[in-house]
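I am opening a notebook page on side-chain contacts.

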Amino acid sequence: MLCLAAVLLLPLVVHGSDLVEDVDYRVIPKQQLSDTERIEVVYFFYYGCTWCYQLEPYMADWLKNKPTDVSFRRVPALRNSKWITLTRAFYTYEALDLLPRLHAPTFRAFHREDVNLQSESTLFDWVEKHGVERQRFEEVFRSDAVTARMMNSRALTDSFEIESTPSVAVDGRYLTSSGMAGGVAELITVVEALVKMVREERRGAK
C-alpha cells in the first residue's frame, strides 16, 4: 500500500520555486540551528496525534534516503499539559537508548491498541511489558535531566510557533505542516522542496 501511495505521489513533486509562501509554508523568526553545516530539518510531533501516526511510514522512508547535506531531529511538541507524559516518555526513551525499540510501538499502542499512554501508570505498565525495568524507567522519567529537556521542548514549541502537529521546520526559517501541505504524504513533498530551496539559497549566497 505504501509503495502504491509513493507511486501515486510522483506527479505531485514540486521544486522550491513552485512553493507559495503562506500557502505551502510560512516564514518564522530565524531559530538557532543545532547543525550549522547542513540543512537542518526539525520535526515536531506528538505520539497522541493521529496525523503524526499516519506520517510515520512516510517519514521513515524519507529518512532512509535523506540527503547527506541534511540533518534531522525529532522534537516532541508540548502545547498543553496532557502532552507532558508522552513528551517525558520520548526523552526517557532517548536517555535509555530505547527509542529504536519503542518509538513505533508507542504510536501503535496509542492509535491501534487503544492504550492510554497519557497516563503515567499505564505508560509504566506498558514499558514493563516490553521488557523495560520499571523502576529505572520511572527514575529517569522523573529526573531533572528529562524535566529540563521537556521544558526545552516547550520553549522550542513556542519559538518555532508550532500551532499543530505534525509540523516541520527547515533551516530554522521555514515552517510547514500537514495542514498547509494538504496531507501527510504531501508534507514530505513540501519538506523536500523547502530543502532544495534552502540549498539553492546557500549556493546563491556564495
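The entries below follow the order of my look-ups.

I am working from a predicted model, in which local features need pLDDT of at least 70, side-chain atom pairs count only at pLDDT 80 or more, and totals for chains, interfaces and linings use all residues. Residues are numbered from 1 along each chain as its sequence is written, and side-chain values use heavy atoms, with hydrogens and water left out.

**Entry 1, rings.** I looked up aromatic pairs and found 17 in the structure. For a pair, the ring centres of Phe, Tyr or Trp (its six-membered ring) lie within 6.5 Å; planes under 30 degrees apart are stacked, over 60 edge-to-face, and the rest tilted. I picked out phenylalanine 45 and phenylalanine 90: their planes are at 70 degrees and their centres 5.4 Å apart, so the pair is edge-to-face. Phenylalanine 45 is in strand S2 (residues 39-45) and phenylalanine 90 in helix H3 (residues 84-95), so this pair links distant parts of the chain, 45 residues apart. Helices (H or I, at least four residues) and strands (E, at least two) are DSSP runs, numbered from the N terminus. I then checked accessibility, and both phenylalanine 45 and phenylalanine 90 are buried. Here buried is under 20% relative accessible area, exposed over 50%, and partly exposed in between (1.4 Å probe, protein chains only).

My search of the whole structure gave 18 salt bridges, each a side-chain nitrogen of Lys or Arg within 4 Å of a carboxyl oxygen of Asp or Glu. One of them joins arginine 149 and glutamate 94 at 2.7 Å, N to O. Arginine 149 is in helix H7 (residues 144-159) and glutamate 94 in helix H3, so the bridge ties together parts 55 residues apart in sequence. Arginine 149 is partly exposed at 41%, and glutamate 94 is partly exposed at 31%.

I also listed glutamate 128 with arginine 134, at 3.5 Å, N to O. Glutamate 128 has a relative accessible area of 41%, and arginine 134 has 23%.

**Entry 4, within a helix.** Arginine 154 and aspartate 158 form a salt bridge at 3.4 Å, N to O. Both lie in helix H7, four residues apart, about one turn of the helix. I also recorded a network in which salt bridges with shared partners join Lys30, Asp171, Arg173, Glu201 and Arg202.
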